[in-house]
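Welcome! Take a moment to look over the model, and then let us walk through a few of its features together.

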Amino acid sequence: MTVPHYRRILLKLSGEALLGDGQYGIAANTLDRIADELAEINAMGVEVAVVIGGGNIFRGAGLAASGMDRVTADHMGMLATVMNALAIQDALERRSVFCRVMSAIKINQVCEDYIRRRAVRHLEKGRVVIFAAGTGNPFFTTDSAASLRAVEVGAELLLKGTKVDGVYSSDPVRDPEAKRYQQLTYDEVLSKRLEVMDATAIVLCRDQAMRIMVFDITSPGTMVAAARGEPVGTVVDPGLPSAQEESS
């Protein structure tokens, strides 16, 4: 029998996590694999919330850099996250998992408005809750939204899915000498300028003692292992000693 380690977790997924081997949009096989793992975690009795990005469809910051008004671009990016959230909801419901999408911007003909107490109640009833549209404000990333929602709903762990198996001293794809960190403190992440999450998100997690685990979302079964409390990635935690490095 699979025993969960956490009562409630929040999973942060970038939009790119849904790309698979494609360059744009949503890969059906990747979406199905992620939905299978979320369904397995839900069946373990873990309350699961998700924050999804929209970079596979639209990147507001990128278009803003080319001249578009930043606020307009960020609003367009928020709508992309709603599209991704609806796709995950559909995949979960096809697996008979009850799911709710809650948006930080009003779009209640297709999903619910975000209300904290209602979100917590959904989680308590065993429903997967997907938070869309970031924080609802321009200039804030979906990483910041993940930190905020994790704190608001009382998650015990913020799972950050990436394309590598943890946090490295530099890009392991470009630098074969990059060192993988097994444990980090929030201040070490900030002082070393490590690309875990943006600084706003890290500071919020630090101030609220929100534990973060960075893991490889492309590796099947890793998400479920993390929910069981297995050491599958890099942990950022206020109670940990100085960072310990291991060879990549």
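In this predicted model, helix H5 (residues 142-152) packs with helix H7 (residues 199-207) at an angle of about 15°, and their axes are 8 Å apart. Angles under 35 degrees count as roughly parallel, so H5 and H7 are roughly parallel to each other.

**How H5 and H7 meet**
- The crossing of these two helices, H5 and H7, is left-handed.
- H5 brings Asp-143, Ser-144, Ser-147 and Leu-148 to the contact, while H7 brings Thr-200, Ala-201, Leu-204 and Cys-205.

**A look at helix H1**
- Helix H1 (residues 28-43) has 16 residues, which should span 22 Å at 1.5 Å a residue; its end C-alpha atoms are 22 Å apart, so the two values agree.
- Among the buried residues of H1 are Thr-30, Leu-31, Ile-34, Ala-35 and Leu-38.
- Which elements cover the buried residues of H1? They include strand S1 (8-13), strand S2 (47-52), H3, strand S5 (128-132) and helix H8 (222-227).
- After H1 comes Gly-45, with a positive phi near 100°.

**Asn-84 in helix H3**
- You can find Asn-84 in helix H3 (residues 70-93).
- Is Asn-84 buried or exposed? Asn-84 counts as buried because its relative accessibility is 0%, and buried means under 20%.
- Leaving aside residues up to four places away in sequence, Asn-84 touches Gly-15, Leu-18, Ile-26, Ile-52, Gly-53, Gly-54, Asn-56 and Ile-57.

Notes. Residues numbered from 1 in each chain as written. Predicted model: local features only at pLDDT ≥ 70, side-chain atom pairs only at ≥ 80, totals over all residues. Heavy atoms only, no water. Helix = DSSP H or I, 4+ residues; strand = E, 2+ residues; numbered from the N terminus. Buried < 20%, exposed > 50% of the residue type's maximum accessible area, 1.4 Å probe, protein only. Contact = heavy atoms within 4.5 Å. Expected span 1.5 Å × (residues − 1). Axes fitted to C-alpha atoms, helices over the stretch in contact; angles between N-to-C directions. Parallel < 35°, antiparallel > 145°, perpendicular 65-115°, else oblique. Left-handed = near helix turned anticlockwise from the far one by under 90°.
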